[in-house]
Amino acid sequence: MKYTTEMIINVPLIEFIEKLDNPENMKHWQKGLIDYDHVYGTPGEIGSKMKLSYKMGKREMELIETITFNDLPHALHATYDTKGMHNIQENFFEEIDKNQTKWTSKNEFIPTSFMLRMMTLLMPNAFKKQTKKYLTDFKNFAEKGTSVAKS
């Protein structure tokens, strides 16, 4: 399953990247994130890995993020692996003007289990909705300082 999500964030590109590229900020726009840990390589460099731990309702989930391409401030690509799913994410950042940045997120979800294959076929909008939510929550954090950490 492949799809693209776009969002205009009303902050300059450099400020956008400073907020996005700081792992301490992830808790402010990734609801459910409870911990992150660098597990391999130099953070942000190609091949580096980070373990992300989430709690969504009663469900806990761990993802391994692997940086596959880094051309900040213009692009950052990564893969995310968890039990039953491989996600390829290509993020592009474009300066619209001195106060606006366009974030384009191209996602491909490759299920590796039967159950998640069924989810991608029967509920593709759930994945798209989650991506849109993360981009919207980042927009609110970057523009207004609104955090999802306490909600």
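Where is Phe 109 found?

Analyst: Phe 109 is found in strand 7, where strands (E, at least two residues) and helices (H or I, at least four) are DSSP runs numbered from the N terminus. The model is predicted, so local features need pLDDT of at least 70 and side-chain atom pairs count only at pLDDT 80 or more, while totals for chains, interfaces and linings use all residues. Residues are numbered from 1 along each chain as its sequence is written, and side-chain values use heavy atoms, with hydrogens and water left out.

With a relative accessible area of 12%, Phe 109 is buried, a word that stands for under 20%, with exposed meaning over 50% and partly exposed in between (1.4 Å probe, protein chains only). Leaving aside neighbours within four places in sequence, Phe 109 is in contact (heavy atoms within 4.5 Å) with Met 1, Tyr 3, Met 85, His 86, Asn 87 and Phe 127. Ile 88 is 21 residues from Phe 109 in sequence, yet their C-alpha atoms are 6.5 Å apart in space.

The strand that holds Phe 109 belongs to a sheet. This open sheet has 7 strands in the order 1-7-6-5-4-3-2, with antiparallel pairing, and two strands pair if DSSP finds at least two bridges between them. Strand 1 (2–9) and strand 2 (33–40) stand at the edges with a single partner strand each, so one side of each is left without a neighbour in the sheet. On average, neighbouring strands are turned by 25° against each other, direction ignored. Helix 4 packs on the sheet and touches strands 1, 3, 6 (85–97) and 7 (100–111), its direction making about 15° with that of strand 1; axes are lines fitted to C-alpha atoms, for helices over the stretch in contact, and angles between N-to-C directions run from 0 to 180 degrees.

Helix 4 itself includes Phe 127, Thr 131 and Tyr 134 among its buried residues, and Phe 127 is one of the contacts of Phe 109. The 21 residues of helix 4 (residues 124–144) should span 30 Å at 1.5 Å a residue, and its end C-alpha atoms are 30 Å apart, which agrees; the expected span is 1.5 Å times one less than the number of residues. Just after helix 4, Gly 145 takes a positive phi of about 80°.
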